[in-house]
Amino acid sequence: MPPYYGMPYGAAPAFCFPLTEICVYLLLIICVWHSLKHNGKYLGFMLGGIVFGLLLEFVDVYFLKGYTYGRFMIMVGKQPDDIPLWIGVGWGIIMYSSRLFTDKMGLPLFAAAAFDALLALNIDATMDVTAYRLHMWDWGWSATHQDALTSQWFGIPWNNYFGWLVVIFTYSAFSRFFAGWRIKILIPLTAIVLSEIILFSLFNNIKPWFFDHFGIKPLHWLIGLSVLLIVLIVSGWKKRQAETSGLILFPAWLIPTWFHIYFTIWFFISGFYLENRWMTIFAMANLLLAVIIHMPRPATDKSFKKN
């Protein structure tokens with residue numbers, strides 16, 4: 001496809017897009033297999049996350065015109081507002097792996113949901129900068145005539161990262177809150193509806209009102225929400241309890257490992273690292289943070305005794 005506005009990079013190699021899709025679908029198969037091996041635990045949560053991911057992407061692309069996608073093998077909807085299926089699948093498996101990880105830590109509800117959100121943001125911070133330059137999607141900087149590579153976070157809108165935090169936190173929190181319901185299919189459905197209401201209200205009513213009256217910009221919202229989530233994690237840390245489910249945590253490290261390694265490889269072989277020294281420094285720092293977070297640790301009295 002032709003280069004996007006202000007983008008000096010040509011199209012990605014022909015095998016890049018199909019390879020990305022196939023890898024994500026294989027990861028989904030692994031996650032489904034993992035869940036079924038454990039009596040379907042979190043299967044509804046993950047499938048609901050896929051539906052939610054496709055729904056919010058459709059709303060953003062079709063109604064809000066926030067961005068457009070490149071052409072992949074499996075697209076959902078009609079051009080030019082169709083969505084790659086693997087994007088929705090990506091939402092679901094990232095949510096699944098994050099929840100496995102936070103359940104291992106035995107965090108209370110809001111602290112766990114906050115950690116889920118920051119884990120997802122850590123993955124997206126690696127993926128988005130690279131995928132955007134591979135022409136997997138376009139943020140529409142041509143409409144505002146801003147620099148496509150340096151605007152906001154190296155060409156990625158602050159609202160994108162704020163949206164990731166809101167989506168993961170609300171869906172994870174509601175799913176955990178309603179986990180005791182007997183009719184299991186209602187749990188992800190209710191979480192999707194309530195999360196979508198919050199997301200829509202924030203972007204269409206609350207944020208515009210605060211900007212008009214107080215000048216609060218997307219970066220301020222991102223910083224504020226990030227701080228709030230960190231506070232929730234810290235406050236819930238001492239309240240964490242041992243998780244006794246005995247889940248094998250294979251996807252909890254496999255999913256983030258693939259996303260980080262895969263897009264970091266493309267970051268370097270495509271020459272993106274030469275574009276901006278600070279972008280490369282932050283990319284490596286984010287990768288190091290992921291390694292530190294997911295590094296195996298000895299079991300304690302407040303963590304799993306077995307995997």
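By salt bridge I mean a side-chain nitrogen of Lys or Arg within 4 Å of a carboxyl oxygen of Asp or Glu. R176 sits in helix α6, residues 158-177, and D103 in helix α3, residues 85-105, so the pair ties together parts that are 73 residues apart in sequence. Helices here are DSSP runs of H or I with at least four residues, strands are runs of E with at least two, and both are numbered from the N terminus.

Both ends are buried: R176 has a relative accessible area of 12%, and D103 is at 11%. Buried means under 20% relative accessible area, exposed is over 50%, and partly exposed is in between, with a 1.4 Å probe and protein chains only. D103 and R176 also belong to a salt-bridge network together with D116.

Quick caveat before I go on: this is a predicted model, so local features need pLDDT of at least 70 and side-chain atom pairs count only at pLDDT 80 or more, while totals for chains, interfaces and linings use all residues. Numbering starts from 1 along each chain as its sequence is written, and side-chain values use heavy atoms, with hydrogens and water left out.

R133 counts as buried at 0% relative accessibility, while E275, at 24%, counts as partly exposed.

Then there's D82 with R71, again a salt bridge, 2.8 Å from N to O. D82 is in the loop between β2 and β3, and R71 in the loop between β1 (68-69) and β2, so the parts tied together are 11 residues apart in sequence. D82 is buried at 3% relative accessible area, and R71 is partly exposed at 37%.

Now a charge without a partner. E196, in helix α7 (residues 186-214), is buried yet has no salt bridge. The nearest side chain of opposite charge is K207, 14 Å away; for that, Lys and Arg count as positive, Asp and Glu as negative, and His and the chain ends are not counted. What does E196 touch, leaving out residues up to four places away in sequence? F52, L55, L56 and V59, where contact means heavy atoms within 4.5 Å.

On to the backbone. Most residues other than glycine have a negative phi, and most peptide bonds are trans. The bond from Q79 to P80 is cis, with omega near 0°, and P80 lies in the loop between β2 (75-76) and β3 (83-84). H135 has a positive phi, near 70°, in the loop between α4 (109-133) and β4 (137-138). H145 has a positive phi too, about 60°, in the loop between β4 and α5 (151-154). Buried or exposed, these two? H135 is buried at 1% relative accessibility, whereas H145 is exposed at 64%.

α1 (residues 16-37) and α2 (residues 43-63) pack at about 155°, with axes 9 Å apart. They are therefore roughly antiparallel to each other.

Definitions and conventions. Axes fitted to C-alpha atoms, helices over the stretch in contact; angles between N-to-C directions. Parallel < 35°, antiparallel > 145°, perpendicular 65-115°, else oblique.
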